[in-house]
Amino acid sequence: MKANEANLLEFMRKAPQFVIPIFQRPYSWEEAECEQLWSDLLRAGADAQIPTHFMGSVVYIEETLNQVTRQSPLLVIDGQQRLTTVTLLLEALAQGIGEGEPVAGFSAKKLRSYYLSNPLEDGNDAYKLLLGQADRDTLLSLLHSDKAMPVEPSERILANFAYFKSQLANCGEDLPQLCAGLAKLMVVDVSLKRGEDNPQLIFESMNSTGRELSQADLIRNFVLMDLAPERQRSVYEAGWRPMELEFGQEAYSKYFDAFMRHYLTLKSGEIPNVREVYEAFKRFRGSNPEQSIEDLLADINRYASHYCRMALHSEPDPQLKAAFTDLGELRVDVAYPFLLELYDDYAAGLFSREDFLTAVRLIESYVFRRSVCAIPTNSLNKTFATAAKSLRKDDYLTSVEAHFQQLSSYKRFPNDSEFLGDLQQRDLYNLRSRSYWLRRLENKGRKEPVPIGEFTIEHIMPQNPDLSTEWQVALGPDWKRIQEARLHSLGNLTLTGYNSEYSDKPFQVKRDMEGGFRHSPLHLNDGLGELEDWNEEAIIARATRLSKRGREIWRAPDLPPEVLAEYLPATPDATSYTIDNHPNLAAGKPMRTVFDAFRREILDLDPAVSEEFLKLYVAYKAETNFVDIVPQVSRLRVAINMDFPEIYDPRGICVDVTNKGRWGNGNVEVHLNSVDDISYIMGLVRQSFEKQMDGEVVA
């Protein structure tokens with residue numbers, strides 16, 4: 001590797017050609033980066049005390065070995081964003097200057113001949129910069145007006161070129177400073193040597209100025225960079241480019257990282273950290289070395305197509321599209337690994353479209369019922385990550401229903417009794433998904449859904465804490481309690497297009513006025529026109545009626561016991577142990593009092609925590625063991641299921657037992673011999689529990 005400081009314009013002038021390899025991400029700088037560059041150029045150009053302005057590095061490797069008859073183009077490993085942006089600015093400047101030379105060295109002819117083209121060459125060799133496929137034709141059409149703009153041009157290229165054109169149109173007396181600033185631009189010229197330097201490792205270590213590399217950028221480069229040029233082009237065209245096109249320019253940069261995380265979760269059963277998807281991909285690839293790159297990309301492509309249909313609204317089936325839209329409104333991203341498995345099996349014909357739709361709606365019901373019942377949503381990602389293991393593909397839908405019906409404790413699918421009770425009483429107005437549930441209730445049974453965006457939410461009993469005399473009389477002497485308890489509940493909420501007209505008017509006025517409840521076409525307002533009064537009894541009655549509609553919309557699985565029994569997981573025979581099997585915990589022993597106090601604290605962490613007595617220790621689990629206790633004569637040896645570097649232990653009492661034989665799980669050990677130390681050690685235990693339960697909020 002050779003690294004030298006270089007003037008950017010001179011560097012561009014001397015280089016034969018810059019080629020952006022197909023493994024590079026598309027051009028991605030946005031207006032904010034262009035604004036910063038423009039500001040830096042004017043500041044550097046106006047200040048004689050600033051001799052240079054450093055812009056970053058350009059890392060490249062020669063495409064082939066140079067020959068006497070032809071100098072090889074430079075394949076850009078890092079620096080595409082800077083080179084492209086400066087190229088756009090120089091072309092905008094050339095178009096703005098016209099035929100003159102207002103600043104020495106800055107005429108349209110010189111800008112184009114020195115920095116934008118190779119005027120004595122033909123074809124693609126005539127251009128100083130050749131971008132990747134997604135951007136190339138757009139840039140070339142800007143550089144040469146006789147080249148037609150592609151049907152789907154690069155949005156970022158056009159937007160940033162338009163920004164520079166606009167700035168130059170209003171540049172006025174700042175033009176000399178701009179040109180002076182351009183002349184001061186410096187880069188680090190980093191040349192790699194074929195056969196000696198590893199472009200992928202260098203690429204990973206580079207942090208490009210302006211926009212951080214996405215996980216997808218790193219993955220694409222990892223897949224393509226080391227392939228021979230012809231195979232590289234073939235793999236990109238057949239394997240990666242179709243995904244870029246299916247996602248579209250904006251969605252690709254926004255959603256592709258998330259898709260890859262879901263794909264890897266499905267394939268590996270492990271959930272990668274959102275910022276470590278690339279590392280997870282490398283591990284996944286390393287575990288399947290026999291699979292060709294072509295086959296791997298074909299597999300990713302297939303699931304990417306499923307994802308686009310579900311998450312990006314490209315599903316052609318209207319009923320499935322509506323179901324995916326509803327899931328999207330619930331922000332149920334954590335379900336996508338399971339949904340990808342379902343969609344792939346549906347696409348393969350393993351179960352019918354009707355059963356697939358039912359399964360998708362069951363996932364929707366599961367998430368929404370849990371939200372209404374205020375069941376914590378942490379660890380839902382783990383619930384969905386492992387759900388596919390329970391599928392029986394010879395009886396697909398039944399196995400899906402059985403899986404959900406068997407979930408218990410904090411994973412449970414709320415039954416009708418729990419759901420109806422909470423749906424009728426809970427504050428639904430401040431539920432994040434309120435527009436979703438109102439729309440679903442309104443459109444139940446409608447063949448032509450009502451777009452509820454045209455309406456606003458109406459509190460039939462007003463929100464105003466100073467209720468009018470008419471409302472106080474209607475509600476009775478207990479009106480204050482009724483308003484506090486029922487204001488935001490299901491029975492008191494509806495939709496209207498006349499919210500401002502209704503205001504805090506008495507119920508009878510809201511009912512009978514033009515556009516009032518008596519004349520409303522909305523199903524949510526059915527029956528309001530026939531009521532004489534609006535009071536707690538009426539609110540409860542309406543909530544009961546609407547909740548029954550909700551039970552039909554958000555259905556729970558209800559397999560008969562004999563069917564469900566066929567899907568119960570086999571339980572291995574095991575010897576049953578109790579506290580009586582631990583002599584050091586016998587009544588009257590020194591550690592019994594400490595153990596009883598400690599176990600209460602652990603079990604109080606969350607209803608999800610379970611206790612299991614084993615032969616030599618006591619295990620406490622949520623998803624799996626997060627802390628184990630080995631009872632000893634004069635102390636409790638506590639095994640915390642974390643890696644030692646992860647634990648925060650201000651007192652320094654934890655012991656690293658990594659690779660040491662111990663009963664219990666985890667690499668952290670701490671000793672407890674007094675109730676006085678329980679509070680501090682619970683702080684350590686809580687770290688393990690929260691790490692295990694850590695998940696993404698979805699509703």
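Predicted model: local features only at pLDDT ≥ 70, side-chain atom pairs only at ≥ 80, totals over all residues.
Good morning. At least two residues of the lining of the second largest pocket are supplied by each of α11 (249-268), α12 (277-287), α17 (380-385), β11 (625-631) and α28 (678-693). Here helices (H or I, at least four residues) and strands (E, at least two) are DSSP runs, numbered from the N terminus.

Residues are numbered from 1 along each chain as its sequence is written, and side-chain values use heavy atoms, with hydrogens and water left out.

A pocket is found on a 1 Å grid over the protein atoms alone, as an open set of points where a 1.4 Å probe fits, with protein on both sides within 12 Å along at least five of seven lines; lining residues have an atom within 4 Å of a point. The second largest pocket has a volume of about 840 Å³, a volume being the space filled by probe spheres set on the points. Its lining has 33 residues, and E270, I271, P272, K382 and K691 lie nearest its centre. Which helix gives the largest share of the lining? That is α12, with 5 residues. By class, the lining has 8 nonpolar, 12 polar and 13 charged residues. In this scheme Ala, Val, Leu, Ile, Met, Phe, Trp, Tyr, Cys and Pro count as nonpolar, Asp, Glu, Lys and Arg as charged, and the others, Gly among them, as polar.

I turn now to helix packing. Two packed helices are described by the angle between their axes and the distance between the axes. Axes are lines fitted to C-alpha atoms, for helices over the stretch in contact, and angles run from 0 to 180 degrees between N-to-C directions.

Helix α16 (residues 353-372) and helix α18 (residues 396-406) have axes 10 Å apart, at an angle of about 10°. These two helices are therefore roughly parallel, a term for angles under 35 degrees. D355, T358, A359, L362, I363 and Y366 of α16 make the contact with L397, V400, E401 and F404 of α18, where contact means heavy atoms within 4.5 Å. This contact of α16 with α18 has 7 nonpolar, 1 polar and 2 charged residues.

For helix α3 (residues 80-97) and helix α5 (residues 136-143), the axes come within 10 Å and cross at roughly 25°. α3 and α5 are therefore roughly parallel as well. On α3, T87, L88, E91 and Q95 meet L139, L142 and L143 of α5.

Finally, the axes of helix α22 (residues 479-486) and helix α25 (residues 536-553) come within 11 Å and cross at roughly 20°. That makes α22 roughly parallel to α25. R481, I482 and R486 of α22 make this contact with E536, I539 and I540 of α25. Thank you.

Key: Parallel < 35°, antiparallel > 145°, perpendicular 65-115°, else oblique.
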